[in-house]
Amino acid sequence: MHASICDFILDITQNSIEANASNIEVAITTDGETLELIVADNGKGMNEQQLAKAFDPFYSEEGKHNHRKVGLGIPFLKQAVEATEGSLDINSEPGKGTKLTARFIMNNFDAPPFGNLPSTVMSLMSFPGEFELTLKRSHKDEAYNVSRSDLIDALGELCDAESLSLGKQYIESLENELFS
Amino acid sequence: MAKLTLDDLKKLREQKKKELSRRDTESAKAQIIIGMGTCGIAAGAKETFEAILEELDKHNVSGVIVKQTGCMGLCYSEPSVEVVMADVPNTIYGNVSAEVGRQIVTEHIMQGKMISEHVFDKPAADIMKEGE
């Protein structure tokens, strides 16, 4: 089971990368009481039958994994949001993409800790492949956006340790500003 | 920490590049690949990723590519990390906690020494008994 909300963000957004999306948006909105996570992509999407199966831990899309047939990302997320009395919705259309909305009630006793967002985002940004990934982060009236193309423009290819550390510092500074 | 802009980030990157070229250190030219599937994340691969980055930064090791991949099919030995570099056989490490991740940087990457107790392996076919 994942330890923090950032672990879920990493896992779920990775599904979008693996679904060959060229455009992915991750929106994280907090207000002190709830945390809403929206991951929207223009990947290959799922039909109704595949979508129903995505909640089944003993199902994984054929060919996705060489050695196993379980897929735990979405079932883990469902269990975690429901433990906080929150909600999880997924809309998907084959060929168009998928939008996942998870709502955690953060003052619930069972809410997981938020985790380390800057490191999670840099981890996602550095996955191989040609895709745009935009983080839209807001807390109450403050907000910031970070896009993968802007980071690549400033830092070059996001694969060496120096670039990843600088990217992390950048997002840390934006995150600190959000709460100052 | 003051809020950084993308321009600040560009300048910091240039500064870092200059520092590295001035130091004239031989770059390690290695690749570290971290399994970041659901299994890896649940086992703490994100903490391992952070620890490896921090350790590379701490020792000013340049030229190391840090990549991530999905599930490597080794869910039972996650977090798993593959290291590819010259003069050392390609190695897959299993059960790589943050501490072992730091050891990979200081021993495998910086000294070319493998960390035997974490090398993921299975007995060679010729020493396995039938039925195993």
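Buried area is the accessible area that two parts lose on being put together, summed over both. In the predicted model considered here, chain A and chain B bury about 3300 Å² between them, and 62% of this area lies on carbon and sulfur atoms. On the side of chain A, the residues that lose the most area to chain B are E162(A), L166(A) and Y170(A), which together account for 17% of what that side buries. The contact draws on 43 residues from chain A and 37 residues from chain B.

The confidence scores of the model are an ipTM of 0.75 and a pTM of 0.83. For chain B, pLDDT averages 84, and 83% of the residues score at least 70. Among the helices of chain B, confidence is lowest in α1 (residues 6–23), with a mean of 82, and highest in α4 (residues 98–111), with a mean of 95. Where pLDDT is low, predicted coordinates should not be read in detail.

Between chain A and chain B, 14 residue pairs are in polar contact, with both residues at pLDDT 80 or more. The elements that give two or more residues to the side of chain A touching chain B are α1 (5–18), α3 (73–83), α4, α5 (148–155) and α6 (161–178) of chain A. Of these, α6(A) gives the most, with 14 residues. By residue class, the side of chain A that touches chain B divides into 16 nonpolar, 16 polar and 11 charged residues. The count of salt bridges between the two chains is 3. In one salt bridge, the side chains of D7(A) and K46(B) meet at 3.4 Å, N to O.

K46(B) is also in contact with N116(A), a residue in the loop between β4 (97–105) and α4 (117–125) of chain A. Leaving aside neighbours within four places in sequence, the contacts of N116(A) are C6(A), K46(B) and E50(B). N116(A) and C6(A) are 110 residues apart in sequence, yet their C-alpha atoms are 6.4 Å apart in space. A polar atom of the N116(A) side chain lies 3.2 Å from the backbone nitrogen of S119(A). Because its relative accessibility is 25%, N116(A) counts as partly exposed; the class of partly exposed residues runs between the limits of under 20% for buried and over 50% for exposed.

Terms used
Residues numbered from 1 in each chain as written. Chains lettered and ligands numbered in written order. Heavy atoms only, no water. pLDDT = per-residue confidence, 0-100. Helix = DSSP H or I, 4+ residues; strand = E, 2+ residues; numbered from the N terminus. Buried < 20%, exposed > 50% of the residue type's maximum accessible area, 1.4 Å probe, protein only. Contact = heavy atoms within 4.5 Å. Polar contact = N/O pair within 3.5 Å; in protein donor to acceptor, adjacent residues only side chain to side chain. Buried area = accessible area lost by both parts, 1.4 Å probe. Salt bridge = Lys/Arg side-chain N within 4 Å of Asp/Glu carboxyl O. Nonpolar A, V, L, I, M, F, W, Y, C, P; charged D, E, K, R; others polar.
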